[in-house]
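Subject: Structure for your review

Hello,

The structure is placed below, and my notes on it follow. Please read them with the structure open.

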Amino acid sequence: VEDVVEPTVPSSTIPEEETSIDLSVSAPEDSADEPTPVSVPEDSTSETTSISMPTPEAPKSKKKLPLIVIGATLATLVVGGSAFAFYYNMPEKVAADAISGFIKQSNEKLAASGSLELSPQTNSELYQHISNLRLDFKTDVDHFNRSAEFDFGIRLREYGYLHFKLSTFLEENGTAYLNIDNLTEAYQKAVKSAGLQQNAPELRLILSLLEKSLGNVEGRWWRIDVNEVISSLDKTDFKLEKNDKENISSAYACLVNEVKQELNQTDRLAKIYLEHPFINLTSVSYDKLPEDSLKGKIEDYGNLYQVSVDADKLFDFTKKHQQAAENTKIVECLKKIEKSSGAFDEDDKTGDTEDQELTKADVQNFVSHLKNLYLGIDFLTHQLKGAYLQVSESKVDFTGIVNFKYQNSAPVVAPRDATSAGDIIKGLFSNQGVVDGNTNLEEELKEILRSKKFEQEHPDLD
């Protein structure tokens, strides 16, 4: 039994109780010398067959196969992602996305802020009088409602800093609003720097009248509504006929509606650019920007690119856009205004059009000034974040910077309690002598200018 059991069943797998088998058998005593078959009890067979057989080896683990698939997938994604990232950030792709996206966004929600600065060089005649001229601006676009603030500043070498602020707002219906602040002080410094403060009482009176008028205008919001302005002319020497009033009002309404329609055609303009992509980009470091006062105003530009402009493509883009604009009704609206004013003649209009025809030489000359133009573009979204320009020629140094913000949440709302600009017209040119308690400024000035003494003392003044 041992010979049978041991080779087939490893001892390590059989419990000790099962390996102890009873081998006692009954045999006659006289048959010791002859081989006698061993008789195994019946139950010994059952004991032998009940021995637990070895467990078959478990199959090799299949976990390696999913790992190989995952690894191959990741490798494919990395290679594909790298290829896509390379294509996505190619300069041509970045320029196309940034410019076309900016065009489409320009009529939705867009805020811009920046500065323009001009400094005369030492060999310029302006250098003796002016240190620099600067314009800080801020604009907001909310579909058809638009607002803008401009701060004009001139640093004079002898009379300090002269500046005034202009705020504007354009409503969807075409009504404009205007506010000029710090105008009187700027006017006083300008008169002083120009040497117009003379002893002649007539000239001092003229200057004081102008200063008084500016004081009445500045610091207030003025509403410029075409219909209100036309009506205000009724009490002046510039009164219009009823037919002319209707034509001007109708033409202006036509112009406003057509401009709104044109502003909605941003997809068309973006398509024209993609057909004539005139901007080429080269990635550069921020260290390449010239060190001046405006470099510090850069706000989160993302990647910085230097721009080179293709003059031929820019010319084709401009002509294509001009042709598209000529097919709109805006031209017809402008012709109505010209017809109503009667200030244009057909022959003169044809001559002006020929003189103003854009040429490739004009475009090439314009492009030559853009050698130091840089654009800041977001790495992920390809949104145009800003622009920086530096030009040094014609005895002046010019620097400009602008920052863009999209989806501006600030609402663009027309100012309240604005005064009609018609009140200014009535106050200046009324033929009734006194309007709202104010003497007609035109009549006062005419009396002064008619004075022979004034003509004799100031023959050089116009």
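Ser 147 stands opposite Phe 169 of β4. The two belong to an antiparallel pairing of strand β3 (residues 145-156) with strand β4 (residues 160-170), made over 11 bridges. Strands here are DSSP runs of E with at least two residues, helices are runs of H or I with at least four residues, and both are numbered from the N terminus; two strands count as paired if DSSP finds at least two bridges between them. Three residues separate β3 from β4 in their hairpin.

Phe 169 also has a bridge partner in β5, namely Tyr 177. β4 and strand β5 (residues 176-181) run antiparallel and are joined by six bridges. Their hairpin has five residues between the strands, and in it Gly 174 takes a positive phi near 95 degrees.

A note on conventions: this is a predicted model, in which local features need pLDDT of at least 70 and side-chain atom pairs count only at pLDDT 80 or more, while totals for chains, interfaces and linings use all residues. Residues are numbered from 1 along each chain as its sequence is written, and side-chain values use heavy atoms, with hydrogens and water left out.

Overall, the protein has 17 helices and 14 strands. Of its 462 residues, 31% are buried, where buried means under 20% relative accessible area, exposed means over 50%, and partly exposed lies in between (1.4 Å probe, protein chains only). Among contacts (heavy atoms within 4.5 Å) with a separation of 6 or more, 64% are between residues 24 or more positions apart.

In helix α6 (residues 183-193), the buried residues are Leu 183, Thr 184, Ala 186, Tyr 187 and Val 191. They sit on the same side of α6, because they cover an arc of only 160 degrees around the axis; the arc is taken from the directions from the helix axis to the C-beta atoms.

Helix α9 (residues 242-263) has 22 residues and should span 32 Å at 1.5 Å a residue, which agrees with the 32 Å between its end C-alpha atoms. The expected span is 1.5 Å times one less than the number of residues. Buried in α9 are Ala 251, Cys 254, Leu 255, Val 256, Glu 258 and Glu 262.

Cys 254 forms a disulfide with Cys 333, with an S to S distance of 1.7 Å. A disulfide is a pair of cysteine sulfur atoms within 2.5 Å, and by this rule the count comes to one. Cys 254 lies in helix α9 and Cys 333 in helix α12 (residues 330-341), so the pair ties together parts 79 residues apart in sequence. The torsion about the S-S bond is about -55 degrees, so the disulfide is left-handed. Cys 333 is buried, at a relative accessible area of 0%.

His 276, between α10 (266-275) and β7 (279-284), counts as buried at 19% relative accessibility. Leaving aside residues up to four places away in sequence, His 276 touches Lys 313, Asp 316, Phe 317 and Lys 320.

Most residues other than glycine have a negative phi. His 382 has a positive phi near 60 degrees; this residue is in the loop between β9 (373-377) and β10 (384-393) and counts as buried at 2% relative accessibility. Asp 417 also has a positive phi, of about 55 degrees. Asp 417 is in the loop between β11 (396-406) and β12 (419-420) and counts as exposed at 78% relative accessibility.

Regards
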